[in-house]
Amino acid sequence: MTRMTAPAVVAAKGVRKLPMLTAYDYAAARLAEAAGIDLLLVGDSLAMVVLGHEDTLSVTMEEMLHHVRAVSRGAQKALVIADMPFMSYQTSVSEAVTNAGRFLKEGRAGAVKLEGGREVAPQVRAMVAAGIPVFGHVGLTPQHVAALGGFKVQSKTAKDAAELFADAMALAEAGCSGVVLECIPAPVAAAVTKALPVPTIGIGAGPDCDGQVLVFHDVLGLYDRIHPKFVKQYAALGKSAVDALTQYAQAVTKGTFPGPEHVFSMAPEACDAFLSMIAAAASEETTDQSDPKQPASNP
């Protein structure tokens, strides 16, 4: 498998389905890539599943860059996509391009992702013109959770679905290499997927999208604060981890860890010499303390 690139993503449209997964560190990137994941999204969801925030709004550019660098070091073939955090691209086109460029230059990502529709098309065009591959994101956009009134399914009315369709088309026309569709009715996602010239990546958007994305911690059962309907848990590693860590804690308290197989030894003569040295040093110290030198007399 050669390195996945943004043009390769576009070329996969209608040819094969694209698996995407979030990753937040070196180890996760290595595991996901070994499993055949094409696209690694360093999502701002790390604010919740890694940093413990209630939503994605609090994560900063510096925090995102830290994690993007780690994932990029672990990914040898997958395309690393950096999620642009809240207020890193909304205030101006110039700031958006600068921050997106940092993810490629400093983070070594291969692309960036941003939320929004027609309102962010100018930023997308400017980024693409600067040589920065971009992925869009419409539907349930977590950075707009305050305006949306919570994490809810979007585009349930004909009017709202038409608005989303127009937003997705605008992102593709602006140069996006793909568009994430989150938490929207499956028929809406199917219509958008059919119309768009670039791949759609679904999360809670039905089976007709060109690819699917889930959060690393959700797939493996490592995050239990929320349980979205669209998540399929493929393992219960959280429970397995607690069981393993409990065994470790009990072994330490009982004194059964470390065992003989976990320790390092030294030659008996070296050990005897070492013990003799510290015994002699302790004896000298005891002698010095029991017979302190008399202070010098004043002339």
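# Close-up views

**View 1. Arg108 lies in the loop between helix 5 (93-105) and strand 4.** Helices (H or I, at least four residues) and strands (E, at least two) are DSSP runs, numbered from the N terminus. The model is predicted, so local features need pLDDT of at least 70 and side-chain atom pairs count only at pLDDT 80 or more, while totals for chains, interfaces and linings use all residues. Residues are numbered from 1 along each chain as its sequence is written, and side-chain values use heavy atoms, with hydrogens and water left out. Arg108 is not a glycine, yet its phi is positive, at about 65 degrees. Its relative accessible area of 62% makes Arg108 exposed (buried is under 20%, exposed over 50%, partly exposed in between, with a 1.4 Å probe and protein chains only).

**View 2. Ser155 also has a positive phi, near 60 degrees, without being a glycine.** Most residues other than glycine have a negative phi, and most peptide bonds are trans. Ser155 belongs to the loop between helix 7 (145-148) and helix 8. With a relative accessible area of 8%, Ser155 is buried.

**View 3. A cis peptide bond runs from Phe257 to Pro258.** Omega of this bond is near 0 degrees. Pro258 sits in the loop between helix 11 and helix 12 (268-290).

**View 4. Helix 9 (residues 186-195) has four buried residues: Val188, Ala189, Val192 and Thr193.** They lie on the same side of helix 9 because they cover an arc of only 130 degrees around its axis (the arc is that of the directions from the helix axis to the C-beta atoms). An α-helix has 3.6 residues a turn, so residues three or four places apart point the same way. Pro187 and Lys194, on the other side of helix 9, are exposed. The buried residues of helix 9 pack against helix 8 (158-174), strand 6 (178-182) and strand 7 (200-203) (contact means heavy atoms within 4.5 Å).

**View 5. The largest nonpolar core holds 62 residues.** A nonpolar core is a set of buried Ala, Val, Leu, Ile, Met, Phe, Trp, Tyr and Cys residues joined through side-chain atoms within 4.5 Å. The members that touch the most other members are Leu40, Phe103, Val112, Met127 and Leu181. Helix 8 contributes the most to this core, six residues. Leaving out residues up to four places away in sequence, the residues that Val112 touches include Ile81, Met84, Phe103, Met127 and Phe135. A second, separate core has 15 residues, among them Met4, Leu18, Val180 and Ile201.

**View 6. Lys13 and Asp210 form a salt bridge through their side chains, at 2.7 Å from N to O.** The pair ties together parts 197 residues apart in sequence, because Lys13 is in the loop between helix 1 (6-11) and strand 1 (18-22) and Asp210 in the loop between strand 7 and strand 8 (211-214). A salt bridge is a side-chain nitrogen of Lys or Arg within 4 Å of a carboxyl oxygen of Asp or Glu. Asp210 is buried, at a relative accessible area of 11%. The whole structure contains eight salt bridges.

**View 7. A salt bridge joins the side chains of Asp167 and Arg118, at 2.7 Å from N to O.** Asp167 is in helix 8 and Arg118 in the loop between strand 4 (111-113) and helix 6 (121-129), so the pair links distant parts of the chain, 49 residues apart. Asp167 counts as buried at 16% relative accessibility, and Arg118 as partly exposed at 38%.

View 8. Asp243 is partly exposed, at 36% relative accessibility, while Lys239 is exposed, at 57%.

**View 9. The largest pocket has a volume of about 470 Å³.** Its lining has 26 residues, and the closest to its centre are Ser45, Pro142, Glu182, Ile203 and Val215. On a 1 Å grid over the protein atoms alone, a pocket is an open set of points where a 1.4 Å probe fits, with protein on both sides within 12 Å along at least five of seven lines; lining residues have an atom within 4 Å of a point. Points are joined across faces, edges and corners, and the volume is the space filled by probe spheres set on them. Helix 3 (46-49) and strand 6 each supply at least two lining residues. Glu182, in strand 6, is buried at 10% relative accessible area. Beyond its neighbours within four places in sequence, Glu182 is in contact with His137, Val138, Gly139, Leu140, Pro142 and Ile203.
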